[in-house]
Amino acid sequence: MCGRYYVDDETSREIEKIVRKLDQRLKIEHGQDIHPSESAVILTKECKEVAARQMQWGFPGFQGKGLLINARAEAILDKKTFRDSVLHRRCVIPAHHFYEWSKNKEKYTFQSPKQDATLFMAGSYQIYNGQNRFVILTTQANASVAPVHERMPLLLERQELEDWIMEDAAVEFILAKKPILLNRTAEYEQLKLFS
């Protein structure tokens, strides 16, 4: 699961490099955590090009209760709530890092092993009451995340962004991929005394 992520200046610069024509009205957050239900800049298809758009994080839950912020990549094509969006409205959520909490409520940060590299999380979006809303796709945690949580975002390599957004033929392959290993740091390290 992914319940919060962080966007910094480097993430904003990476979005500007990817998008050919950046809408100046977009509000790209700098140095801020993005929480469910908040608005964020994501990448999607517009007129056969990758474009940046502002969308709200989370689909309304069943009968309007709660918020669906993640979708399981391995089951998404079987779920009525998500199938159409992943087949026709895919997006990428850029982030510097994301957070996960252990069963003991310890907060961990996960980021690329490459210095200041942007993470690209696969997502899809849907229109609810005239508003575009996105979810982040998750997959089985790899060795870097598994000690903390069983799920993690489905991460894309930089060269996979256009395929995920534009190419329907790439969907099933990308849904089944294993994410790269990440650096993991704890919010705080507890000191242990040994005798």
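In the predicted model, the side chain of Ser39 forms a polar contact of 3.2 Å with the side chain of Gln54. Ser39 belongs to strand S3, and, when residues up to four places away in sequence are not counted, the residues touched by Ser39 are Ile34, Gln54, Met55 and Gln56. With a relative accessibility of 37%, Ser39 is classed as partly exposed, because that value falls between the 20% limit for buried residues and the 50% limit for exposed ones. The C-alpha atoms of Ser39 and Phe134 lie 9.6 Å apart in space, although 95 residues separate the pair in sequence.

Ser37 lies in the loop between strand S2 (32–34) and S3. Ser37 is not a glycine, yet its phi is positive, at about 80°; the residue counts as partly exposed, at 40% relative accessibility. A positive phi, here of about 50°, is also found at Asn129, which is likewise not a glycine. Asn129 is placed in the loop between S11 and S12, and its relative accessible area of 86% makes Asn129 exposed.

Over the whole chain, the secondary structure consists of four helices and 15 strands. Of the 195 residues, 50% count as buried. Among contacts with a separation of 6 or more, 65% are accounted for by residues 24 or more positions apart.

The largest nonpolar core holds 28 residues, and those with the most contacts inside it are Leu43, Val92, Leu137, Leu156, Trp164 and Leu175. Two or more residues are given to this core by each of helix H1 (9–18), strand S3 (39–46), strand S4 (49–57), H2, strand S11 (119–128), strand S12 (131–140), helix H3 (161–166) and helix H4 (171–175). Of these elements, H3 gives the most, with four residues. For Leu175, once neighbours within four places in sequence are left aside, the contacts comprise Ala73, Ile76, Leu77, Leu137, Leu154 and Trp164. Another core, of 26 residues, lies apart from the largest one and includes Ile69, Tyr108, Leu119 and Leu155.

Beyond its neighbours within four places in sequence, Ile93 is in contact with Tyr5, Ile42, Leu119, Phe120, Met121, Ala122, Gly123, Phe134, Val135 and Ile136. His97 is situated in strand S9 (residues 97–101), and a relative accessibility of 9% places His97 in the buried class. With residues up to four places away in sequence not counted, His97 touches Tyr5, Tyr6, Thr109, Phe110, Gln111 and Leu119. The His97 side chain additionally makes a polar contact of 2.7 Å with the side chain of His96.

Arg89 occupies the loop between helix H2 (80–88) and strand S8 (90–95). Despite being a charged residue, Arg89 is buried, since its relative accessible area is 17% and the class extends to values under 20%. The side chain of Arg89 is joined to that of Asp84 by a polar contact of 2.6 Å. Asp84 is also listed among the residues in contact with Arg89 when neighbours within four places in sequence are left aside, together with Ser124, Tyr125 and Gln126.

In terms of residue class, the lining of the largest pocket comprises seven nonpolar, two polar and seven charged residues.

Notes: Residues are numbered from 1 along each chain as its sequence is written. This is a predicted model: local features need pLDDT of at least 70, side-chain atom pairs count only at pLDDT 80 or more; totals for chains, interfaces and linings use all residues. Side-chain values use heavy atoms; hydrogens and water are left out. Buried means under 20% relative accessible area, exposed over 50%, partly exposed in between (1.4 Å probe, protein chains only). A polar contact is a pair of N or O atoms within 3.5 Å; within protein, one must be able to donate a hydrogen and the other to accept it, and residues adjacent in sequence count only if both atoms are side-chain atoms. Contact means heavy atoms within 4.5 Å. A nonpolar core is a set of buried Ala, Val, Leu, Ile, Met, Phe, Trp, Tyr and Cys residues joined through side-chain atoms within 4.5 Å.
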